[in-house]
Amino acid sequence: MAETQVDETTPQVKQDARADRKAAKLAKQIGAFAKAHGGAEGQLAYIGERGTRIVLVGEDGGWGDIVAPTHAIAVSAAEKSGITMHESFDGDFAAKVRTGPYEWTRMAGIQVGGPSNG
């Protein structure tokens, strides 16, 4: 009688392939952001169970973020995108961010007595 062997790695292989596809999709989004903003730099910020936020700052001061479901996927996406990554969001990197009237109104609206954001 022939012996049947069960491949126990199949679920892990599928999970790894799914993670690779997600990282590639995020890297493509990062690349599109960088192209639209004359280049970009980034920083990873762990946000708990939700995953890891990839904060992006364009050369033109535009900024945005995307969230990866895991830290490993965020690291992989950042590596695949080829942008410069920073350990922290401070100093020269933070100074590149340019805010507009919307952000200032929103921040002021949070303060007691600030303008309404509605």
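Biologist: Leaving aside its neighbours within four places in sequence, which residues is Thr 52 in contact with?

Modeller: Contact means heavy atoms within 4.5 Å. By that rule Thr 52 is in contact with Leu 44, Ala 45, Tyr 46, Ile 47, Ile 66, Val 67, Ala 68, Thr 70, His 71 and Ala 74. Before we go on, know what you are looking at: this is a predicted model, in which local features need pLDDT of at least 70 and side-chain atom pairs count only at pLDDT 80 or more, while totals for chains, interfaces and linings use all residues. Residues are numbered from 1 along each chain as its sequence is written, and side-chain values use heavy atoms, with hydrogens and water left out.

Biologist: What does pLDDT tell me, and where is confidence lowest and highest in the protein?

Modeller: It is the predictor's confidence in each residue, from 0 to 100. The mean for the protein is 86, and 82% of its residues reach 70 or more. Confidence is lowest in helix α4 (residues 101–110), with a mean of 70, and highest in α2, at 97.

Biologist: How many helices and strands does the protein have?

Modeller: Helices (H or I, at least four residues) and strands (E, at least two) are DSSP runs, numbered from the N terminus. Here there are four helices and four strands, and along the sequence they follow the pattern α-β-β-β-α-β-α-α.

Biologist: Back to Thr 52: is this residue buried or exposed?

Modeller: Buried means under 20% relative accessible area, exposed over 50%, and partly exposed in between, using a 1.4 Å probe and protein chains only. Thr 52 is found in strand β2, and it counts as buried because its relative accessible area is 0%. Across the 118 residues of the protein, 25% count as buried.

Biologist: Which side chain joins that of Thr 52 in a polar contact?

Modeller: A polar contact is a pair of N or O atoms within 3.5 Å; within protein, one must be able to donate a hydrogen and the other to accept it, and residues adjacent in sequence count only if both atoms are side-chain atoms. The partner is His 71, at 3.2 Å.

Biologist: Now the sheet. In what order do its strands lie?

Modeller: Strands of a sheet pair through backbone hydrogen bonds, either parallel or antiparallel. Two strands pair if DSSP finds at least two bridges between them. This open sheet of four strands has the order β3-β2-β1-β4, with mixed pairing. The edge strands are β3 and β4 (84–86), each pairing on one side only. Strands β1 (residues 40–46) and β2 (residues 52–58) are antiparallel over seven bridges, with Gly 42 opposite Leu 56 in β2. Strands β2 and β3 are antiparallel too, over six bridges, and Arg 53 stands opposite Val 67 in β3. These two strands form a hairpin with four residues between them, where Gly 61 in the turn has a positive phi of about 95°.

Biologist: Finally, which residues touch the most other members of the largest nonpolar core?

Modeller: A nonpolar core is a set of buried Ala, Val, Leu, Ile, Met, Phe, Trp, Tyr and Cys residues joined through side-chain atoms within 4.5 Å. Of the 14 residues in the largest one, those are Leu 26, Ile 30, Ile 54, Leu 56, Ala 68 and Ala 77. The elements giving two or more residues are α1, β2, β3 and α2, and the largest share, five residues, comes from α1.
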